[in-house]
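Open the model in your viewer and keep the selection panel at hand. This tour moves from stop to stop.

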Amino acid sequence: MRIGAHLDPDNLIPVAAELGVSAAQLFIGHPQKWDKNPQVAYPGGAEALRNDAGEAGLTLYVHAPYRINVASTDNKIRVPSRDLFQRQVNAAAEIGAAGLVVHGGHVGSGADPRSGFENWYKAVDRLEMPIPVLIENTAGGENAMARTLDRLEQLWAAIAAANGSENVGFCLDTCHAHAGGNEMAGLVERVRAITGRIDLVHFNDSRDAFDSGADRHANLGTGHIAVEDLVAVATAADAPLLLETPGTGLDYARDVQWLKEHVAH
Ligand SMILES: [Zn+2]
């Protein structure tokens with residue numbers, strides 16, 4: 001079992017060591033802004049982080065800013081989204097990350113989801129991917145590209161035709177899946193039947209009920225997902241289990257402990 005956590009970049013290495021995790025996720029630049037020149041907030045910059053993580057045996061993942069929505073039919077969102085997407089892939093490659101996680105995005109109410117799938121195809125086709133891009137399922141909205149498995153199937157079919165589609169992987173978020181209305185039993189197998197792969201699991205409990213559409217993570221065992229369902233996903237996924245639960249830094253110790261107690265190594 002490989003365990004990871006989303007951490008602040010500035011003291012990422014010692015905190016990861018203290019937690020005893022072998023993977024870490026970080027933001028490069030501002031997670032909520034159109035950051036034209038994303039810089040990693042680590043002493044010594046990208047090269048130092050790459051070297052230090054390598055020495056520590058730590059696998060890094062970068063989470064792309066939330067504004068990125070390459071599915072959008074609105075030029076004012078889609079065009080800067082593609083631009084920032086490429087910058088983020090490049091920045092993540094500089095620190096030697098194993099992947100860049102990006103949300104599946106959505107089209108506006110009234111827009112045809114098929115235009116969103118087509119926009120994803122174009123985004124992937126034009127993207128240079130020195131490292132894999134991992135599309136993450138999201139919890140809410142009627143017009144999301146990756147909330148339901150039905151949509152995910154259409155998204156994957158569209159992307160498969162693009163240049164470089166072999167560099168597109170999947171990040172399964174357990175909170176988003178539950179709140180998005182996907183039964184947890186057999187989920188890993190159903191996803192893998194569509195995507196062929198699960199590269200990373202965002203391993204979170206859900207503060208809200210099944211199919212609520214709410215993206216609010218909870219600490220493991222304190223939310224609405226049944227313990228046996230979380231354990232089943234952890235066991236079946238065969239991918240790093242990365243915590244994005246409430247808290248920061250050493251607060252993750254409780255959830256790391258929960259995993260060690262509930263999931264067989
Ligand atoms: Zn997530």
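Predicted model: local features only at pLDDT ≥ 70, side-chain atom pairs only at ≥ 80, totals over all residues.

Now select the zinc ion. Four residues coordinate the zinc ion: E136 through OE, D173 through OD, H202 through ND1 and E244 through OE. The distances run from 2.1 to 2.2 Å.

Next, check the angles. What is the geometry of the zinc site? The site is irregular, with angles of 84 to 171° among the four donor atoms.

Trace the donors along the chain. Their spacing reads E-x36-D-x28-H-x41-E. H202 sits in strand β7 (residues 200-202), while E244 sits in the loop between β10 (241-243) and α9 (253-262). The pair therefore ties together parts that are 42 residues apart in sequence.

Stay on E244. Is E244 buried or exposed? E244 is buried, at a relative accessible area of 14%.

Last stop: select D10. Look in the loop between β1 (3-6) and α1 (12-19). D10 is partly exposed, with a relative accessible area of 47%. Which residues does D10 contact, leaving aside its neighbours within four places in sequence? They are A41, Y42 and P43. Draw a line from D10 to Y42: their C-alpha atoms are separated by 4.5 Å, and the two residues are 32 apart along the chain.

Terms used. Residues numbered from 1 in each chain as written. Heavy atoms only, no water. Donors = N, O, S within 2.8 Å, 3.2 Å for Na, K, Ca; no water. Tetrahedral: all angles 85-135°; square planar, octahedral: opposite > 155°, others 65-115°. Helix = DSSP H or I, 4+ residues; strand = E, 2+ residues; numbered from the N terminus. Buried < 20%, exposed > 50% of the residue type's maximum accessible area, 1.4 Å probe, protein only. Contact = heavy atoms within 4.5 Å.
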